Amino acid sequence: MARLGARGQTATEMDAVLSDLTSDEHAAWLNGLDQALATRTGTFRDEEGTAHDQTLDISNASFAQRDPAFEAAYLEALAARFDAGEYLVDFVADVQAARRQINAWASDRTRGRIPEVLGPDDLSSDTRLALVNAIYLKASWARAFQEDQTQQALFARPDGSTVTVPLMRALGASCGAGDGWAAADIPYLGNQLSMLVIVPDDLVAFERTLDADVIAAIDATIAATTAVADVTLPRFDLETRQYLADTLAAMGMPTAFDPLAADFSGMTTQTRLFISKVIHQANISVDEKGTEAAAVTVVGMDTTGGPSDTCTARADRPFLFA
């Protein structure tokens with residue numbers, strides 16, 4: 001959503017990091033993917049005929065300062081490409097009220113799993129736009145793990161120590177193994193979604209090689225394996241929170257985060273904007289019945305203030321003063 005408003009070197013760097021995903025060339029299949037994911041929400045019946053609701057909800061929104069006015073073309077593109085609703089807030093007069101409104105939207109879209117994605121210091125009176133994405137998933141397994149099959153067992157930590165955890169046994173899963181890894185594919189009810197679980201012999205070494213081709217090879221191996229699957233999985237709850245500005249800059253798009261060099265004139269020409277923060281928070285709960293998960297990403301666009309044209313004087317070499 002931020003890339004749609006980027007221009008010049010800012011746009012070039014973002015395209016390199018984001019694989020040109022906002023170009024017109026990719027618009028059709030991205031919209032097709034959105035439509036396909038939207039069909040994953042529905043009601044499915046298990047083997048006993050009991051109905052279970054499955055929800056996969058992906059939502060986007062922009063929270064914009066009441067002024068300056070954002071370019072109509074940019075707002076139309078947000079609506080067309082991302083079905084993003086627009087909300088007017090006043091970061092300048094009451095940034096905490098704006099923060100509460102964004103948090104309330106994110107909490108509503110994630111069914112309360114992420115009640116406060118933004119802390120008191122995550123926005124400021126310089127913020128002019130917050131772009132927000134929320135994802136919520138709740139799905140039952142195609143064949144529920146039998147709770148009487150769950151057993152206490154040892155789980156090895158990365159440092160070599162062990163801890164006792166409840167280990168569930170999957171029914172109806174598929175599995176496969178390759179050089180240095182074993183993996184399982186556990187379907188959700190309706191067989192439209194599944195969880196892929198990969199168990200490497202050496203996690204650090206495996207992660208260094210992990211890319212799309214590796215995932216495709218694992219999927220192909222599982223599909224070709226006819227052996228009866230014996231899959232175990234611990235119950236788990238996991239939550240992560242990351243500030244991604246430094247990571248994205250290091251990946252090759254530093255200009256977007258530079259207050260003097262960033263060019264988001266596709267959003268507005270009335271003030272100079274740059275990305276001040278990218279916050280991603282996610283959590284997931286997995287048990288015998290299924291999975292519930294949520295994630296929210298917020299891109300905060302701040303202003304440097306003053307006119308759009310800037311003059312830079314860097315005293316980083318010998319200089320005179322009077």
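**The aromatic cluster**

Start by selecting Phe63, Tyr87 and Trp105, which ring pairs link into a cluster. Rings of Phe, Tyr and Trp (its six-membered ring) pair if their centres lie within 6.5 Å; planes under 30 degrees apart count as stacked, over 60 as edge-to-face and the rest as tilted. This is a predicted model, where local features need pLDDT of at least 70 and side-chain atom pairs count only at pLDDT 80 or more, while totals for chains, interfaces and linings use all residues. Residues are numbered from 1 along each chain as its sequence is written, and side-chain values use heavy atoms, with hydrogens and water left out.

Searching the whole structure turns up 4 aromatic pairs. Zoom in on Phe63 and Tyr87: the ring centres are 4.9 Å apart and the planes sit at 15°, so this pair is stacked. Now colour by strand and helix (DSSP runs, H or I of at least four residues for helices, E of at least two for strands, numbered from the N terminus). Phe63 is in strand S2 (residues 51-65) and Tyr87 in strand S3 (residues 85-89), so the pair ties together parts 24 residues apart in sequence.
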